Amino acid sequence: MKKHININEKYFRNDPEHFSSENFDREEKIISAAYGSADLFDKIKICIDSLFNSEVRAVYKEYKETAAAVKSLPKVECPDEVILKVHKSIEQLKSITAKHSITERLFSGKPAFASLAALAAVIGIIGFLIFRSPVIEQTYSQQEIETAEKQLRYSFERIGLVFKKTRSVIEEEVLPKQVGQPILKSINKLNDLLLGG
Amino acid sequence: MLQLKNYLFLIFFFPALLLAQSDITKHPGYADFGDLTEFEQGDNVTEVFIEEGLIKMVANLSKSDDPQLSNMLNDLKLVKVNIFKPDNRAGKDVRSRIEKIDKELIAKKWERIVKVRDKNEVVNIYVKTSASGFEGLTITTFDPKGEAVFVNIVGRIDLDKIGKLTEKFNIPSLDKVNQK
């Protein structure tokens, strides 16, 4: 409902260099002040500007009149179909928002969340480096290393003994007694059968 | 923008992932023997627990004197050995512990390459294999007249390299074991 007046044309008709974003911003602020939606600081600024600048005063006055006219319009009841449409749109928006993943919620459009996430990531990496580095670069004394070497050699010796013993059990006990003897027995029986037949 | 979000997500969770991976107990070649201290009574107890950092130091130290040992140690992450002589009462419990470990390792897809039951003597040897080779070796033995031995070696184990160290460490050749 806000009426847009080409303030730039009004203001700077003879000074095209002033067609800048600053002037557009000022126009927005004048409109906001006129409609009563500007913050206190902007309102004061526009009021002061209008005191010293006749053009601003004129535009501000015009917008204020328009705003007053808009406000004075009688209230019309909103049609049901429009209300339904709005409700439908809100529901759709809710369902889309609910589908967003945690990551998207974390990092989308919320600078505060993004900053927090980045801060957490940095803390995490630094923490990891601090707590992990002693494990990687742990220093051992010469004596500790020599003891460890002896222990490793001893461990491998014991593994060797286990393998050696296992091999001797398999070769001397399992194979001759539990595999060789039944096979020999079977062959003897087969021989007996064949010779007997 | 979505890619940036993914990168941020990765950066955020990357340290946690790395910390999780650095836990040796999560390694597929790790075997959990449980608490063996209840059996480790008396003087005949040997306990060796050497982790990657110290193993690498030993590997570096022995590089010039014993390159074969150094080479083999470089790929290891943990050497864990428990040797003890249980008394008569504890013998039964040690056997049941070995059976429990056997079930757990088989459930975790370890390959039992040796299983010997000779009278009351037990010898079990397992290897954990992956596409790149052996990732773990576990040995559990129990001799009622002698000792109980629990060994777990975690890391890339090259049986050829161990075979070359046979003479040095009195280890019989393992060339008869098929290397995957």
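What percentage of the contacts in chain A with a separation of 6 or more is accounted for by residues 24 or more positions apart? The share is 47%, where two residues are in contact if their C-beta atoms, placed from the backbone, lie within 7 Å.

Before selecting anything, note that this is a predicted model, in which local features need pLDDT of at least 70 and side-chain atom pairs count only at pLDDT 80 or more, while totals for chains, interfaces and linings use all residues. Residues are numbered from 1 along each chain as its sequence is written, and chains are lettered from A and ligands numbered from 1 in the order in which they are written.

**Stop 1: chain A**

Select chain A, which has eight helices and zero strands; helices (H or I, at least four residues) and strands (E, at least two) are DSSP runs, numbered from the N terminus. Of its 197 residues, 12% count as buried, a word that stands for 20 or more other C-beta atoms within 10 Å of a residue's own, whereas 12 or fewer make it exposed and the values in between partly exposed, with C-beta atoms placed from the backbone.

Now pick Ala33(A), which lies in helix 2 (residues 21–35) of chain A and counts as buried because it has 23 C-beta neighbours inside 10 Å. Leaving out residues up to four places away in sequence, Ala33(A) touches Ala38(A), Asp42(A), Lys43(A), Ile46(A) and Tyr60(A). Ala33(A) and Tyr60(A) are 27 residues apart in sequence, and their C-alpha atoms are 8.1 Å apart in space.

**Stop 2: where the chains meet**

Next, show helix 8 (residues 142–196) of chain A with helix 2 (residues 52–61) of chain B, whose axes come within 9 Å and cross at roughly 90°. Helix 8 of chain A is therefore roughly perpendicular to helix 2 of chain B, a label for angles of 65 to 115 degrees, with under 35 counting as roughly parallel, over 145 as roughly antiparallel and the rest as oblique. Axes here are lines fitted to C-alpha atoms, for helices over the stretch in contact, and angles run from 0 to 180 degrees between N-to-C directions.

In this contact, Ile145(A), Ala148(A), Glu149(A) and Leu152(A) meet Leu54(B), Met57(B), Val58(B) and Leu61(B). Apart from its neighbours within four places in sequence, Val58(B) is in contact with Leu73(B) as well as with Ile145(A), Ala148(A), Glu149(A) and Leu152(A).

**Stop 3: the sheet of chain B**

Turn to chain B and colour its strands, where an open sheet of six has the order 1-2-6-5-4-3 with antiparallel pairing; two strands pair if DSSP finds at least two bridges between them. Strand 1 (45–51) and strand 3 (111–118) of chain B stand at the edges, each with a single partner strand, so one side of each has no neighbour in the sheet. Inspect strand 4 (residues 121–130) and strand 5 (residues 133–142) of chain B, which run antiparallel and are joined by nine bridges. Thr129(B) stands opposite Phe134(B) in strand 5 of chain B.

Helix 2 of chain B lies across strand 1 and strand 2 (76–84) of chain B, at about 85° to strand 1.

**Stop 4: a loop residue**

Finally, select Lys109(B) in the loop between helix 4 and strand 3 of chain B. Its phi is near 65°, a positive value in a residue other than glycine, and Lys109(B) is exposed, with 9 other C-beta atoms within 10 Å.
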